[in-house]
Amino acid sequence: MAVREIKPGVYSVGAIDWDRRLFDELIPLPDGTTYNAYLIKGTQKTALIDTVDPTKEEELIKNLKEAGVTKLDYVIANHAEQDHSGTIPKILELYPDAKVVTNEKCKDFLKELLLIPEDKFVVVIEGNTLSLGDKTLRFILTPWVHWPETMVTYLVEDRILFSCDFFGSHLANSSLYEEEGEKLLEYTKRYYAEIMMPFRTAIRKNIEKISELGIDVIAPSHGPIYKNPDFIINAYKEWISDEVKNEVVVAYVSMHGSTERMVNYFIDLLIRKGITVKPFNLTESDIGELAMALVDAATVVIGTPMVLTGPHPQALYAAYLVNILRPKTKFISIIGSYGWGGRFIDDIKGILTNIKAEILEPVVVKGYPKEEDFKAVERLADEIIKKHESITVA
Ligand code: FEO
C-alpha cells in the first residue's frame, strides 16, 4: 500500500493483501484484506500504530523508509494478534531505540507469542497519554474486541480513533476510504459476524466508552477508514442490540432429497407469511454469509439427514458455528430425516450449549416425507410465525 497522508503528520503505511482468501484458516475473504498501520510524526517523537501481518513486513519497512523514518520512538500495540503485531520484532530490529507501548495483558501476550523481551515495553493503563510533542496519544482499554487485551488509541489533537480490529472490515481497496453505504455495510457486517458477535456485551460497554471521546475519523486496522464515525458506530449499535428481525436462517444439508423436500416446503410456508428466509445449503455455502445472516435472525433451523448413526457432519459444523458465534437468536429447531435408525436431535442440541434460545419441537421423518410429515412442518412454521409476531422488528 502506498504511503498516504490522512492528516498533517499522520500517514497510512500498512499493506494490502489482495490475494488472501482465508483468515485463521477458517474465514473466507472474498475480497482480500488490508493490514493498516499508521505513522504519527510529532514535533518531538514518532510513533507507529500497529504493524502488519509478517507476510507483508517488507511493504511496511519500505513505507517507513519512504516516509523518511530514520528514528522510531514508539510502536503502539493495540492488539497482540499476529496480523497486527507479527512485524513488531522486525521493526524493533530496524529501530532498536523504539519501545512497544501497550497494556499489561497485551504485553504478556506479545512476550509469549513473539518473544519480545520485557525491557522493550512501556506499559499503559486506561486513560494514560503519551506526548509526541504537538500530538498526544490517549489509550483506552477495550477488552474483548475480540481478544481480552484489545485497546484503542485516540489521537487527541486530530480526533482520530485508531481502533485496530474494532469496526474493521476485510476489504482490499486501493482507496483509503470507501463510500459509506450498503456495500461497505456488508463488509463490516460480515466482519462483525465472524469475530465480534460473540462479544456483544463487551462491545456495548466499549462503544459507550469511546462515545465520550469526540471522534472525527475512525481508522481501523482492516479495511477502509471512516470519515463519518456515526456510520459504523450506529451499525454496531443495531447489531449488538437485543432486537431480532422477522427472519429465519435455514442451514441444511440433504443426501437423497428427503430433508430438502421438507426444508423447501417449510421455506415456502414462511415466505407466504411474510417472513424473510435465508437458506444455506451447507455443502456450498460461504460460512461468512451464514455468520452474517445470524446477526439479526429471530430463528435458526438446522436441517440434516442421518449419516450412519448421527447427524450429517456439515450440520454438526453449522451447529458448532452457531454455538461459538453466539447470535441473539431466540428460537432454534431441527428438521431431519433418516433411513434405518440413529439419533441426531440430542447430538445437535448438545452442541448448542452457549445459545439461550428456546428449542421448538423438531420435525423428523423416516424415509420420504409423507402427508403427516408435511403437517408437522406446517405446525413448526405456524409456531415460528406466532413467536415472531410477539418479538420481532421488521
Ligand atoms: Fe486483525 Fe484480531 O486481528
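**Overall build, an open sheet and its surroundings**

Among contacts in the protein (heavy atoms within 4.5 Å) between residues at least 6 apart in sequence, 73% join residues at least 24 apart. The structure is a predicted model, in which local features need pLDDT of at least 70 and side-chain atom pairs count only at pLDDT 80 or more, while totals for chains, interfaces and linings use all residues. Residues are numbered from 1 along each chain as its sequence is written, and side-chain values use heavy atoms, with hydrogens and water left out.

The C-alpha atoms of the protein fill a box of roughly 80 × 40 × 35 Å, taken along the principal axes. Of the 394 residues, 58% count as buried, where buried means under 20% relative accessible area, exposed over 50% and partly exposed in between, with a 1.4 Å probe and protein chains only. The protein contains 12 helices and 23 strands; these are DSSP runs, numbered from the N terminus, with helices being H or I of at least four residues and strands E of at least two.

Strands of a sheet pair through backbone hydrogen bonds, either parallel or antiparallel. In this model, an open sheet of 7 strands has the order β1-β2-β7-β8-β9-β10-β11, with mixed pairing, two strands being counted as paired if DSSP finds at least two bridges between them. The edge strands, each of which pairs on one side only, are β1 (4-7) and β11 (121-123). Within the sheet, strand β9 (residues 74-76) runs parallel to β10 and is joined to it by 3 bridges, and I76 stands opposite V101 in β10.

Strand β10 (residues 99-102) also holds V100, which counts as buried because its relative accessibility is 0%. When its neighbours within four places in sequence are left aside, V100 is in contact with V75, A77, I88, L92, L110, K120, F121 and V122. By comparison, the C-alpha atoms of V100 and P198, which lie 98 residues apart along the chain, are separated by 29 Å.

Helix α1 (residues 57-66) likewise has buried residues, namely E59, L60, I61, N63 and L64. An α-helix has 3.6 residues a turn, so residues three or four places apart point the same way. The cover over the buried residues of α1 includes β3 (15-17), β7 (38-41), β8 (46-49) and α3 (88-94). Just after α1, G68 takes a positive phi of about 80°.
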